[in-house]
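Subject: Structure handover

Hello,

Here is the structure for you to look at. My notes come after it.

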Amino acid sequence: MTETRLRTITHSAGYALAAVFIAALAIQNLRYGFYDLFYLASGMAILSVAGLAYTVICRRHQLSAPGHLIILSALNSGLLAALISMNGPGISHWAMPLLILNLLILPLRQGLALSLLLITPMSVVLFLSHPVDDAMVTTTGLVILLVTTALYTWHYDHMAQSAEDLAITDPVTGAHNARFLDETLQKEISRAIATGHSLSVVHLGIDYAAEAKDLHGNAALQTLFRDMTQHLFGVIRAGDTLYTLNESEFFLILPFTPEEGVRVIAERIRRTIGEHQWPVVGKATVSLGCTTRGNGDTRTDTLRKRAHGAMEEARKRGADSIWFSPGETIEA
Ligand SMILES: Nc1nc2c(ncn2[C@@H]2O[C@H](COP(=O)(O)OP(=O)(O)OP(=O)(O)O)[C@@H](O)[C@H]2O)c(=O)[nH]1
C-alpha cells in the first residue's frame, strides 16, 4: 500500500471517529438542555465531516494538503473559545479527540505546536475557574495523552524511515541499490529538463572481477567492492549519488555536470582507483562509461543503456580506461 493511500485511510478514519464522538456529545447536550454546548458540538462535528470530505477530495495529495491545518486550527480554536466563554461542565475533555487528531493528521511538529496552543491556555482557564485538584487531574491527563501520542508518532516516523533506508540501501556497501536508481534518475532527468541544467551519468565496472573472484575468493571481491564504494564516496561531491548494480559494477548520477565535467571526474576516479593499494587484491582498475543528457533524452533506460554501452566500449579498448558517448540531440 502506498504512503498516500495509507494516509488517506488513517485520516478519514480519524475524522470519522472524531465526528461520531463529537456528534454523540452534541446529542447528549441536547437531551440535557445545554443548547450552547449542543450548537458548539454540532459545529465541531460538521467541521470533522468537512475534514473527512477534504481527505477524500485531496486523496492524491495527502502528503501536502494544507487544508488539514486550517480545519484542525478551526476545531481547536472553536473549542478554546467555547471553554473561555461557556465554562460548561466537562468541556475540557473534548480536547482529547482533538489532540489525537492533531497528531494523527498533521506533521509531528505542526501537530505538537497546535496541541500546545490548545492545552496551554486551556490549563490556565481550568486553574482559574475550577478547584485546583480538578484542574490538576484534567491538565495532567491531557499532557500524558499528548506526550504518549507524540512519542508514538515519532517512533512510527522513525520506523518508517529505517524501513525505507533498508529498502533502498545495499547493506554491504551502504550505497543506494539499483531499485532506487531509476526513481532518482527519472527525477533528475525531469529536473534537468525543467531547469535546463546538464546531467551526466557514469557506469563503472571493476576490471577482471571474475578472475579476481577465482583467484582470491568471493569474500575478497566483496571486500574490494565495499572498499571501492567508500573510496568513491570520498571522491564524488555532495549532490552526486552512487548506486551498486551487482557485485562488481556501480552507477553514478551527476547532476549539474556537463560533458567536460564528467570527463574530469571520470578521469579522477580512474586514476585514484588505479593508484590505490587495495587490501588482499593489491592493484585494481576500473572501466568507465560516461554520457551526458542531450535535449532528446527523456527516459532513464536510454541513459542507462548508453552508459552501459560506453563502459563495454571502454573495456574493449583495454581495461583501466574511459569512454564517452554523446547524448541524443534534437535540433530546435
Ligand atoms: N558531479 C561532479 N562533477 C565534478 C566533480 N569533480 C569535478 N567535477 C566536474 O569537473 C569540473 C572541473 O572540476 P575541477 O577540475 O575539480 O575544478 P573546480 O573548478 O575546482 O571544480 P568545482 O569547483 O567543483 O566546480 C567541475 O566544474 C565539475 O563539472 C565531482 O566530484 N562531481
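Below is what was found, from the whole chain down to single residues.

First, the ground rules. This is a predicted model, where local features need pLDDT of at least 70, side-chain atom pairs count only at pLDDT 80 or more, and totals for chains, interfaces and linings use all residues. Residues are numbered from 1 along each chain as its sequence is written.

**Overall**

The chain has eleven helices and six strands. Helices (H or I, at least four residues) and strands (E, at least two) are DSSP runs, numbered from the N terminus. Of the 332 residues, 33% are buried. Buried means 20 or more other C-beta atoms within 10 Å of a residue's own, exposed means 12 or fewer, and partly exposed is in between, with C-beta atoms placed from the backbone. Take the contacts between residues at least 6 apart in sequence: 69% of them join residues at least 24 apart. A contact here is two C-beta atoms, placed from the backbone, within 7 Å.

**The α8/α9 pair**

Two packed helices are described by the angle between their axes and the distance between the axes. Helix α8 covers residues 209-216 and helix α9 residues 218-235. Their axes come within 6 Å and cross at roughly 130°. So α8 is oblique to α9. Axes are lines fitted to C-alpha atoms, for helices over the stretch in contact, and angles run from 0 to 180 degrees between N-to-C directions. Under 35 degrees is roughly parallel, over 145 roughly antiparallel, 65 to 115 roughly perpendicular, and the rest oblique.

From α8, Ala 209, Ala 212, Lys 213 and His 216 take part. They meet Asn 218, Ala 220, Leu 221 and Leu 224 in α9. The contact divides into five nonpolar, two polar and one charged residue. Ala, Val, Leu, Ile, Met, Phe, Trp, Tyr, Cys and Pro count as nonpolar, Asp, Glu, Lys and Arg as charged, and the others, Gly among them, as polar.

**The ligand**

Around the ligand sit Ile 236, Arg 237, Asp 240, Leu 254, Thr 257, Gly 261, Val 264 and Ile 265. The cut-off is a C-beta atom, placed from the backbone, within 6 Å of the molecule. Four are nonpolar, two polar and two charged. Helix α10 (residues 259-275) gives the largest share, three residues.

**Two backbone angles to check**

Phe 256 is not a glycine, yet has a positive phi of about 55°. Phe 256 lies in the loop between β4 (249-255) and α10.

Val 280, also not a glycine, has a positive phi of about 70°. Val 280 is in the loop between α10 and β5 (286-292).

Best wishes
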